[in-house]
Amino acid sequence: MRRDTFLKSLAALAATGALPLSASAAGVPMKLMIPANPGGGWDTTGRALGKALQDAGVASSVQFENKGGAAGALGLAQFVNASKGDPHALLVMGAVMLGGIITGRPPVSLSQATPIARLISEYNVFVVHAASPLKTMKDVVEQLKKDPGSVKWGGGSRGATEHIAAAMIARDVGVDAAKINYVPFRGGGEATAAILGGNVTIGGSGFSEFQPYLESGKMRAIAVTAPARIKGLNAPTLKELGINVEIGNWRGVYAPPGITPEQRKALTDLVVAATKSKSWAESVDKNGWTPALLAGVEFDAFVDREFATLRAIMVKSGMI
């Protein structure tokens, strides 16, 4: 066979997905569904992964699509329905999606997609506007005890880790968690705007989302949900303040339904390669993430345990 004819045949096979992903990924654009509006943790993670895939030489380009709403359930539904069998597509997901599925019970299930890997973990930071009369978490708790509804908690979708943390805080300080006034947003950008606009009393999210506003003095960090203080952030842990609450967040990626075991392995190999790139290391450091790579059957088992753990926390905190 002539060389040019062979190359044309190879390209045609790659375009239809007939070749194993590992053989064609370098010449095939990847697609990343980010089930949240721009500006939040999923968006930051997805775009960092996309850059790392390219920098690692395992993808020629990455197409991003944002579809926010319902704790990622809208993006998940679109991904499951539109990307079935596509070995070049990934969905960003994480603990927030699990919490949203438990509370919202959407018609589409995460079990319909294909687990690939957990990428990173991080803890939540609670902040107030710099001009807020509530200067500390103690001030927030005192107001919460006086009138639970007067404290507006802003954060990600219903069931997000900051929502769970707010309910856990209320329960720990003796307030009915069912009475908290939680205002969900479809992305970190919207939540940040609400905090800066004074439309919520207190906001919660990852440190990376609030960092520019904390450094500029527009926001004040008053507590973190971590077991120890976060490097580069002058804010106490909730446990330091006598509030027995600790909860972390994590993010990962899934593939569509309908891919073969070989294609799943190839996608996993691509993601693992991306996490070893210089670009990914820089993103992890910049955003204050903790590397938490987990793939294969270990990731499958981890997600099952997380569903059970989050459900138990929500039941105990009166969220469901």
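**Close-up views of a predicted model**

**View 1. Aromatic pairs across the structure.** Six aromatic pairs turn up in a search of the whole structure. Rings of Phe, Tyr and Trp (its six-membered ring) pair if their centres lie within 6.5 Å; planes under 30 degrees apart count as stacked, over 60 as edge-to-face and the rest as tilted. W250 and F299 make an edge-to-face pair, 6.2 Å centre to centre with 90° between the planes. This pair links distant parts of the chain, 49 residues apart: W250 lies in strand β9 and F299 in helix α12. Helices (H or I, at least four residues) and strands (E, at least two) are DSSP runs, numbered from the N terminus. W250 counts as buried at 4% relative accessibility. F299 is buried too, at 0% relative accessible area. Buried means under 20% relative accessible area, exposed over 50%, and partly exposed in between (1.4 Å probe, protein chains only). Ring pairs join W250, Y254, F299 and F302 into a cluster.

The model is predicted: local features need pLDDT of at least 70, side-chain atom pairs count only at pLDDT 80 or more, and totals for chains, interfaces and linings use all residues. Residues are numbered from 1 along each chain as its sequence is written, and side-chain values use heavy atoms, with hydrogens and water left out.

**View 2. Strand β9 and its partners.** Strand β9 spans residues 248-255 and is mostly covered, with seven of its eight residues buried. Two strands pair if DSSP finds at least two bridges between them. Strand β4 (residues 114-129) runs antiparallel to β9, joined by eight bridges. Here P115 stands opposite Y254. Strand β3 (residues 89-94) is also antiparallel to β9, with four bridges. G94 has R251 of β9 as its bridge partner. L91 stands opposite Y254 in β9.

**View 3. Strand β3, covered on both faces.** Six of the six residues of β3 are buried, so the strand is largely enclosed by the rest of the structure. A89, L91 and M93 are buried on one side, and L90, V92 and G94 on the other. Strand β1 (residues 30-34) pairs with β3 in the parallel sense, over three bridges. L32 has L90 of β3 as its bridge partner.

**View 4. Helix α5 and its packing.** Helix α5 covers residues 95-104 and has nine of its ten residues buried. Among them are V96, M97, L98, I101 and I102. The buried residues of α5 pack against α3, α4 (73-82), β3, α7 (161-172), β9 and α12 (296-316). R105 follows α5 and has a positive phi, near 50°.

**View 5. The largest cavity.** One cavity of 30 Å³ or more is found in the whole structure. The largest cavity holds about 260 Å³ of space. It is lined by 27 residues, and the closest to its centre are G41, V96, G156, E162 and G188. On a 1 Å grid over the protein atoms alone, a cavity is a set of points where a 1.4 Å probe fits but cannot get out; a pocket is an open set with protein on both sides within 12 Å along at least five of seven lines; lining residues have an atom within 4 Å of a point. Grid points are joined across faces, edges and corners, and a volume is the space filled by probe spheres set on the points. α3 (41-55), β4, α8 (188-196), β7 (202-206) and β9 each supply at least two lining residues. The largest share, three residues, comes from β7. By class, the cavity lining has eight nonpolar, 14 polar and five charged residues. Ala, Val, Leu, Ile, Met, Phe, Trp, Tyr, Cys and Pro count as nonpolar, Asp, Glu, Lys and Arg as charged, and the others, Gly among them, as polar.

**View 6. T192 in helix α8.** T192 is found in helix α8. It is buried, with a relative accessible area of 6%. Leaving aside neighbours within four places in sequence, T192 is in contact (heavy atoms within 4.5 Å) with E209, F210, Y213 and M219.

**View 7. The largest pocket.** About 280 Å³ of space lies in the largest pocket. Its lining consists of E122, Y123, F207, I230, K231, D285, N287, G288, W289 and T290. β4 and α11 (278-287) each supply at least two of the lining residues. The pocket lining divides into four nonpolar, three polar and three charged residues. W289 counts as buried, at 5% relative accessibility.
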